[in-house]
Amino acid sequence: MTTIVKVRNMGKTYGDGSQALRDVSLDIEEGEIIALLGPNGAGKTTLISALCGITTPTEGTAEIGGHDIVTGYRGARSMVGLVPQEIALEPFEKVMNTVQFSRGLFGKPRDNAVVERVLRQLSLWDKRNARTRELSGGMKRRVLIAKALCHEPRVLFLDEPTAGVDVELRREMWDVVRGLKEQGVTIILTTHYLEEAEAMADRIAVINRGEVLLVEEKAALMRRLGRKSLKIELAEPVDEVPAALEKYALERVEEGHALIYHYDTRGQGTGITRLLQALTREGLTLRDIETRTSSLEEIFVSLVQEDAA
């Protein structure tokens with residue numbers, strides 16, 4: 001795959017001395033969806049703002065499609081579409097005019113066919129003559145995406161694109177994003193919905209306190225850092241975990257009706273067979289067992305906590 005976004009040692013320090021980005025290096029491949037995760041104030045929006053030309057980095061360099069974001073600003077910016085967190089639309093303007101105006105801002109000639117294609121793709125064609133103030137919150141977000149796509153960018157930045165959107169609309173937006181990827185659009189997504197990143201992203205980048213902690217394929221990250229757990233439901237509750245089972249570090253839950261055993265699938269053995277044998281020796285009768293894998297949310301929280309330690 002071709003690298004379309006290259007970031008090298010980027011830093012951003014404000015006049016008061018606060019450092020929003022620290023030595024950020026990142027390669028983003030053409031046609032992928034990468035989710036940028038981090039707590040509030042981690043530097044996600046600052047990084048996007050720098051790449052989109054809204055703010056200027058104080059250290060390092062970055063290129064988009066071979067164009068330097070500072071010295072080749074016009075070329076870089078023409079390749080980028082940005083969907084910001086805030087919904088900022090002219091309330092009394094029609095949807096069609098709003099999107100056409102955004103295309104003109106990039107010096108693109110009027111092309112009703114392109115605008116129609118984008119509006120149809122986002123299920124907005126029927127609303128083309130509606131004033132934006134008449135639209136629901138989910139539809140307004142779609143208009144923001146249409147404005148970002150109307151000049152046919154190759155890279156799309158989505159900064160919290162489904163904030164404040166209900167579950168049904170959020171999933172519809174996921175389908176829209178997947179469709180854009182199928183057309184070859186590179187998508188950089190920031191989100192607080194970990195299920196969103198887990199559902200859509202090809203790779204995960206975790207940023208905290210202005211530093212990128214890791215960049216890894218989602219599936220590989222979940223295999224590497226995800227733990228599995230075994231929930232053992234007991235026929236009779238226990239007041240405490242028997243001393244003979246101490247080495248298994250079992251968690252007593254549900255008022256003693258169940259025990260939780262955590263294990264790592266990367267080891268030579270899970271220890272489950274020995275544990276079940278030990279439970280039998282202690283006279284504990286099993287009613288049911290189930291396994292589960294750590295979610296991306298749990299992995300993300302553990303990474304941020306480790307960085308803060």
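This is a predicted model: local features need pLDDT of at least 70, side-chain atom pairs count only at pLDDT 80 or more; totals for chains, interfaces and linings use all residues.
Local features are described here where pLDDT is at least 70, and side-chain atom pairs count only at pLDDT 80 or more, while totals for chains, interfaces and linings use all residues. Residues are numbered from 1 along each chain as its sequence is written, and side-chain values rest on heavy atoms, with hydrogens and water left out.

Strands here are DSSP runs of E with at least two residues, helices are runs of H or I with at least four, and both are numbered from the N terminus. Two strands count as paired if DSSP finds at least two bridges between them. Strand β1 (residues 3-13) meets strand β2 (residues 19-29) in the antiparallel sense over 7 bridges, and T13 sits opposite Q19 in β2. Together β1 and β2 make a hairpin with 5 residues between them, and G17 in the turn has a positive phi of about 95°. Further along the sheet, strand β4 (residues 59-64) and β5 pair in the antiparallel sense over 2 bridges, with E63 standing opposite D68 in β5.

Strand β3 (residues 33-37) is mostly covered, with 5 of its 5 residues buried; buried means under 20% relative accessible area, exposed means over 50%, and partly exposed lies in between (1.4 Å probe, protein chains only). Both faces of β3 are covered: I33, A35 and L37 are buried on one side, and I34 and L36 on the other.

Next come two helices. The axes of helix α5 (residues 137-149) and helix α6 (residues 167-182) come within 11 Å and cross at roughly 15°. That angle is why α5 counts as roughly parallel to α6. The axes are lines fitted to C-alpha atoms, for helices over the stretch in contact, with angles running from 0 to 180 degrees between N-to-C directions. Angles under 35 degrees count as roughly parallel, over 145 as roughly antiparallel, 65 to 115 as roughly perpendicular, and the rest as oblique.

Then there are the aromatic rings. Rings of Phe, Tyr and Trp (its six-membered ring) pair if their centres lie within 6.5 Å; planes under 30 degrees apart are stacked, over 60 edge-to-face, and the rest tilted. By this rule there is 1 aromatic pair. Y248 and Y261 form it edge-to-face, at 6.1 Å centre to centre with 75° between the planes. The pair links distant parts of the chain, 13 residues apart: Y248 is in the loop between β11 (228-234) and β12 (251-253), and Y261 is in strand β13 (residues 258-263). Y248 counts as buried because its relative accessibility is 9%, and Y261 is buried too, with a relative accessible area of 9%.

Y248 also has A278 to consider: their C-alpha atoms, 30 residues apart along the chain, are separated by 10.0 Å. A278 is found in helix α9 (residues 272-281) and is buried, with a relative accessible area of 5%.
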